[in-house]
Amino acid sequence: MRGEVGVAGHAACAACHARFDTFGLALENYGPVGEARTKDLAGHAVDTQATFPGGSQGAGLDGLQAYIRANREKDFLDNLCRKMLVYALGRSLLLPLKREVGIFRFSTVRLDIRENTIRMNQALTAIYRCTRAGQEPPALDSPEWKQWLLAELAVPREAPRVLEALPADARETLQTFQTIAQLRQQVDREAFGALILSMTHSAADVLGVYLMAKEAGLFSDARSVERCTLPIVPLLETITDLKRAPQILKELLAVPLVQRSLHGQGNMQEVMIGYSDSNKDGGYFAANWELAKAQAALTRLGRELGVAITFFHGRGGSVSRGGAPTGRAIAAAPAGSIKKLFRVTEQGEVVSLKYANRGTAAYQIELLAASVIEHALVSERERALFPVHEFDEAMESLSGLSWTAYHDLMSSERMLEYLTAASPLEELALLNIGSRPARRTQAKTLSDLRAIPWVFAWTQNRHMVTGWYGVGSAIHAFLEVRRESGLDLLRRMFRDCRLFRAIVDEVEKTLLAVDLDIAQAYAGMVTDTALRESVFARIEREYRLTCRMVLLVSGQSEIAERFPQFRRRLLRRLKTLNQVSREQIGLLRQFRAGGDEEVRNALLLTINCAAAGFGATG
């Protein structure tokens, strides 16, 4: 062995070999797998005599042990712990850490950026004027506008343009994108997830975001023409936009730049669908049906184009904003609609309700994961999700009928005046709990009011119309035409159609929380008698009709009889909640009459109490 090592004859190797050869020579009487031996692999007698660092000598294992105890005991123990024990425990300590770093990197979570189409297009039109010597841009829905966007995206850039003449709002929007680019370089390339474009109405709206990303240097190549590195997620929120979803995405995915960008993002286009604004726009039944249709249509489109279209579900806590039992909501999703990625928002009280402690958080994550995996694996083979023309035709009819009833109420003259007076709509802003203002702009219109305060107001005043209005009229009108065959069809759908069953279930639970006596007391704050009586009478009629129709379809005799646990839990709270609601009415009157800080604080306390009791601010 000594001759084969040949350290003395190779000066370049001697320094390293001197550090470890002597320890190996002392153990020469052990073979490659630890067996005792008297001859080495070449058949020579072994020699365990060694000269250790420092000049001391020893032979065999005993000599090595004596040297370590006398000179290197601490080094030996440190090395044993640091190297051998870490290696032995690597599977339980190091490998999970390695996986976590691989998944989360060093930013733990990725931050999504959300911007509104109106603000985005305002910034883009400012850029148009800035680069065209003040020339006015074409209409945003015109072919000329889209043509300009595509032309700008195709122009090579040696460096990002300097746009100093932009107005403050447009400059702020551009700076948001520039901040993304900067922090991606300085912190982590995956510190940001995607940019979500609220109220997307067209493919041109999304192309405008691509152009803004180009202006900020968020492209992969130096000339900014090849590929955008920031995922752009259109958010479809209104009934009209959900209906046009396949057209919007087909037009968008036909753009070569978009195709190249998606290729670098796993060939996956994420689409966010909004439950809140679609409900506000069309009512509970129509919103849920259009959301399901949009998912099914986009899933088919993605299959045709070879792109995985995935969905980000913008759900809130209340039924009106998409809140529903996790497992059942996922099970009712269209077959094949969960591919590669599934995202859902958890908002407001839902976060504390589901994730306040380790036990409930683990249960919710397991339930979510199991439901998603099951749907992804078997949904396209489940008979319960096979399209049934008869069911789809009935859903389409019911959706249209419910939308008509809902729209007739909400388009009533001075509806916003009624809601403002008959609920703490304006007082919500005093809580300072919202992430965004109650209105998109400062316009005092129903369309400008965001969905969260919209649902909040109807929940606090116990009308709850966002979770049931229009369903009773839809079923009644359907049965007026179809008669007994129609009732038989609805009962079969109640049994076999997951989506219809989920809608009826959540409507029925919402009806249990409605209290017409308290609602009428809230309505009493509307000073205009004709307005008050007109709106409340319509709500009262629809409520009673909806109760009858739901019971007729479900075959039950009492509202929420099918949900004993839910019923017991809510009824235990209602005595207190009813008292809180009556107190709130009195405090609203006092506060609006000029009440002091004490009245204000008491009023806000009732709002919080009611929200906690119902489990949703909106």
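E380 counts as partly exposed, at 41% relative accessibility. Here, buried means under 20% relative accessible area, exposed over 50%, and partly exposed in between, with a 1.4 Å probe and protein chains only. The model is predicted: local features need pLDDT of at least 70, side-chain atom pairs count only at pLDDT 80 or more, and totals for chains, interfaces and linings use all residues. Residues are numbered from 1 along each chain as its sequence is written, and side-chain values use heavy atoms, with hydrogens and water left out.

The side chain of E380 meets that of R303 in a salt bridge, at 3.4 Å from N to O. E380 lies in the loop between α15 and α16 (389-410), and R303 in helix α12 (residues 284-305), so the pair ties together parts that are 77 residues apart in sequence. Helices (H or I, at least four residues) are DSSP runs, numbered from the N terminus. A salt bridge requires a side-chain nitrogen of Lys or Arg within 4 Å of a carboxyl oxygen of Asp or Glu. Side chains of opposite charge can pair when their charged atoms come close. The structure holds 32 salt bridges.

Another of these pairs joins the side chains of E540 and R544, with an N to O distance of 3.1 Å. Both residues lie in helix α22 (residues 529-554). E540 and R544 are 4 residues apart, about one turn of the helix. E540 is partly exposed, at 28% relative accessibility. R544 is also partly exposed, with a relative accessible area of 43%.

E558 and R567 form a further salt bridge. Their closest N and O atoms are 2.5 Å apart. E558 is partly exposed, with a relative accessible area of 39%, whereas R567 counts as buried at 18% relative accessibility. Elsewhere, salt bridges link E152, R157, R161 and E215 in a network.

S371 is placed in helix α15 (residues 358-378). At 11% relative accessibility, S371 counts as buried. A polar atom of the S371 side chain lies 2.7 Å from the backbone oxygen of L367. With residues up to four places away in sequence left out, S371 touches G327 and I330. Contact here means heavy atoms within 4.5 Å.

Conventions: Helix = DSSP H or I, 4+ residues; strand = E, 2+ residues; numbered from the N terminus. Polar contact = N/O pair within 3.5 Å; in protein donor to acceptor, adjacent residues only side chain to side chain.
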